[in-house]
2 protein chains.
Amino acid sequence: MKPTAQALARAAAAFAALGEPTRLAVMHRLAHEGPQGTVRLADHAGVSRQAITKHLEALEAAGLVRGARDGRTRVWSVQPRRLDDVQRLLGVISAQWDDALERLRAAVEED
Amino acid sequence: MKPTAQALARAAAAFAALGEPTRLAVMHRLAHEGPQGTVRLADHAGVSRQAITKHLEALEAAGLVRGARDGRTRVWSVQPRRLDDVQRLLGVISAQWDDALERLRAAVEED
DNA sequence: GCGAAGGGCAACCAGAAGGTTGCGTATGGA
DNA sequence: TCCATACGCAACCTTCTGGTTGCCCTTCGC
């Protein structure tokens with residue numbers, strides 16, 4: 001149940017990727033509307049194609065998204081596995097906190 | 001089920017806070033060991049007191065942690081609610097992605 | 001009352017991050 | 001064949017970020 005240092009590092013990278021409003025919006029859009037190309041995402045996000053490309057590559061580096069070339073367009077899709085991993089990590093942290101509070105309560109009651 | 005723009009903004013802030021390795025480690029430590037003071041956290045993180053204070057205040061601004069003055073020490077504790085919120089958001093995104101894939105599959109089969 | 005421990009505030013610094021523009025390169029369709 | 005579309009690469013700029021040091025203030029214990 002205890003996350004490894006490597007797991008924490010990967011999770012930190014994923015959180016950092018999700019921590020930028022434009023990127024989180026892109027993730028949400030991809031998840032909601034399915035795979036789509038760079039230009040469309042750029043148009044909707046209101047930034048240049050190069051800017052959105054940087055964001056998408058950041059998400060890809062974090063393992064949250066995957067880009068596949070199809071003819072002259074690059075199609076992006078959500079990579080749900082890493083998403084599930086970090087979601088689980090948050091659950092673990094929450095649970096650990098509950099445990100810590102319980103131990104604290106027990107210790108106080110012993111006095 | 002669809003997250004509001006405000007919810008996305010809050011989540012982005014939380015993710016950004018969690019996206020820094022030192023801060024994620026602090027969160028993990030707080031959750032695992034329970035509430036503790038600034039100096040102890042700084043010592044363990046291997047950075048200066050001022051550095052860790054900035055991190056903790058960042059986490060506090062994101063609603064992930066709360067600092068309470070107790071005598072001359074400032075005691076920090078996890079604020080699990082925002083943590084649960086962002087965890088839930090990740091679940092929603094995952095679910096939306098599954099739906100999108102299913103719609104895609106159905107559309108392909110219609111051809 | 002005094003020293004040490006825990007903090008707050010501010011200045012400062014180097015590097016990362018987000019964004020833009022410019023330009024050259026493949027690819028699909030009329 | 002030609003043109004518009006979708007990209008890749010690179011330079012450049014500005015702002016944000018993580019970290020440090022220096023100094024002064026408050027609180028606890030002896």
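1. Ground rules. In this predicted model, local features need pLDDT of at least 70 and side-chain atom pairs count only at pLDDT 80 or more, while totals for chains, interfaces and linings use all residues. Residues are numbered from 1 along each chain as its sequence is written, with chains lettered from A and ligands numbered from 1 in the order in which they are written.

2. Chain A meets chain B. The contact joins 33 residues of chain A to 33 residues of chain B (contact: C-beta atoms, placed from the backbone, within 7 Å). On chain A, helices H1 (5–18), H2 (21–33) and H5 (80–110) each supply at least two residues of the side that touches chain B. Helices (H or I, at least four residues) and strands (E, at least two) are DSSP runs, numbered from the N terminus. H5(A) gives the most, with 14 residues. By class, this side of chain A has 21 nonpolar, eight polar and four charged residues. Here Ala, Val, Leu, Ile, Met, Phe, Trp, Tyr, Cys and Pro count as nonpolar, Asp, Glu, Lys and Arg as charged, and the others, Gly among them, as polar.

3. Packing of H2(A) on H4(A). The axes of H2(A) and H4(A) (residues 49–61) lie 10 Å apart, at an angle of about 75°. Axes are lines fitted to C-alpha atoms, for helices over the stretch in contact, and angles run from 0 to 180 degrees between N-to-C directions. The two helices are therefore roughly perpendicular (65 to 115 degrees). H2(A) contributes A:Thr22, A:Arg23, A:Val26 and A:Met27, and H4(A) contributes A:His55, A:Leu56, A:Ala58 and A:Leu59.

4. DNA strand C. H4(A) gives the largest share, four residues.

5. DNA strand D. Of 18 residues around DNA strand D, the nearest are A:Thr38, B:Ser48, B:Ala51, B:Gly71 and B:Arg72. Here the largest share, four residues, comes from H4(B).

Key:
Contact = placed C-beta atoms within 7 Å. Parallel < 35°, antiparallel > 145°, perpendicular 65-115°, else oblique. Near = placed C-beta within 6 Å.
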